[in-house]
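Notes follow in the order in which I looked things up.

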Amino acid sequence: MRVVSWNIHWGCGKDGRIRIHAIIDVLRKLNPDVICLQEVAANHPELEGSASASQFKQLGGALGGYHMIEHAPSEIYRNNLPRQFGNILLSKYRITQAQRHMLPWPAAPEHPAGMPRGMIETVLDAPGGKLRVLTTHLEYYSPPQRRAQVARIRELHAEACARAAIYQPEPELDPPFQLGFRPGTAIYCGDFNFTPESDDYRALLAPPEGGALALVDAWKARHSSMARAPTAGLHGYPWPDRADCYDYFFVTEDLAPRIAEVNVQSETAASDHQPVVLDLLS
C-alpha cells in the first residue's frame, strides 16, 4: 500500500506559474494507492499565478480510478461564487466512511487574520484490513491556534479508538446510523507546520490516555539513525529560511511493523513542499 502526502502550493512552481499538470505528472509516476493533497484552490485569481480554475475538479478528473473526498475549510463567497482552499484525499480502495473535521480556530490577538483549518478522515478497505487515513494542514502563523489543533487531533484519535473498542452493529437502526466499523488503526499525514524539535511535535506524539493506540513518526520508525530529509525549503523558494521538515506521516503503533519505506521526493520543484511517500506492507 502506497500513500503520498503533498502540499501542492496550489500548483504554483518556483517560477510563479501554476502548472497543475506537473503535479499530476509527479503523482502518476509515483502511482500511489492513496493521495493526500493540501493547499488545493478554486476560484482564487488573486493567488500567485492566478488559481482561477477549480483544482478540485482538475485533479479529480485527471486522476481517474480514484474516489475523491474534498474539504475546503476556507470558503469565501464573492458574487455568489465560492473561493475555496483546502485538502483532498483520493483513494483507489473502497471508502466506507468519510468525515470532514473542522479544527479549532481560537481568536489569537497576535494574529487576528488567518484562515480556518480542517482534517479529512476516511475509513478504507485496504489490503491489510480496514484503517483510517486522515490528512490535514495545520496553522502556520499562530502557535496558540496550532496547539489547539494538535490537541483536537489527539481528542479525535482517542474518540475513534474508544468507539472501535465498543463497536457493535445495530441493524435495527435507520440507515444513517449504519456507518460500520471505524478502526483505531490510522495514518495521519499532511503539512503540520511544525518541526521535529518543536513542542507541538512532542505534544502530538505524547503517550495517549484511555487505551488509545499510540502515534508513531513513520520516518523515525523506519530511519531511526538517518538524518531527516527536509520537506520544504528546496529549489530556491523564498520560504522557509532554511530547509526543514514540516510534512509527516504519523501511524498508529500497530502499523509501525508494516512500514516498508518512507521517503521524500526531493527532485520536483512543482511546489514549495516536496511529496512524502509511505509504503506499507499488507
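I began at the hairpin of S2 and S3, which has 6 residues between the strands; there glycine 49 takes a positive phi near 90°. Strands (E, at least two residues) and helices (H or I, at least four) are DSSP runs, numbered from the N terminus. The model is predicted, so I kept to its conditions: local features need pLDDT of at least 70, side-chain atom pairs count only at pLDDT 80 or more, and totals for chains, interfaces and linings use all residues. Residues are numbered from 1 along each chain as its sequence is written, and side-chain values use heavy atoms, with hydrogens and water left out.

**Entry: pairing of S2**

I listed the partners of S2, where two strands pair if DSSP finds at least two bridges between them. S3 (residues 51-54) pairs with S2 in the antiparallel sense over 2 bridges, and alanine 42 has serine 54 as its bridge partner in S3. With S5 (residues 81-91) the sense is again antiparallel, over 7 bridges. In S5 the bridge partner of alanine 42 is glutamine 84.

S1 (residues 2-7) pairs with S2 in the parallel sense over 5 bridges. Asparagine 7 has glutamine 38 of S2 as its bridge partner. From S1 the chain passes through helix H1 (residues 20-30) to S2, a right-handed β-α-β crossover. Right-handed here means that, with the strands pointing away from the viewer, the path from the first strand over the helix to the second runs clockwise.

I then checked burial, taking buried as under 20% relative accessible area, exposed as over 50% and partly exposed as in between (1.4 Å probe, protein chains only). Of the 11 residues of S2 (residues 34-44), 11 are buried, so the strand is largely enclosed by the rest of the structure.

**Entry: cysteines**

How many disulfides are there? I applied the cut-off of a pair of cysteine sulfur atoms within 2.5 Å, and the count came to 0. The sulfur of cysteine 36 has its closest cysteine sulfur, in cysteine 189, at 3.5 Å, which is too far for a bond. For cysteine 161 the closest cysteine sulfur is also in cysteine 189, at 17 Å, again too far. Cysteine 36 counts as buried because its relative accessibility is 0%; cysteine 161 counts as buried at 11%.

**Entry: pockets**

I took a pocket as an open set of points on a 1 Å grid over the protein atoms alone, where a 1.4 Å probe fits, with protein on both sides within 12 Å along at least five of seven lines; lining residues have an atom within 4 Å of a point. The largest pocket holds about 560 Å³ of space. Its lining has 21 residues, of which Trp10, Glu39, Met115, Tyr140 and Tyr141 lie nearest the centre.

The second largest pocket has a volume of about 420 Å³. I found 17 lining residues, with Arg163, Tyr167, Phe177, Leu179 and Gly180 nearest its centre. S6 (94-102) and H3 (143-166) each supply at least two residues of this lining, and H3 gives the most, with 3 residues.

**Entry: tyrosine 93**

Tyrosine 93 lies in the loop between S5 and S6. Is tyrosine 93 buried or exposed? At 13% relative accessibility, tyrosine 93 counts as buried. I also noted that the C-alpha atoms of tyrosine 93 and arginine 17, 76 residues apart along the chain, are separated by 33 Å.

Technical notes:
Grid points are joined across faces, edges and corners, and a volume is the space filled by probe spheres set on the points.
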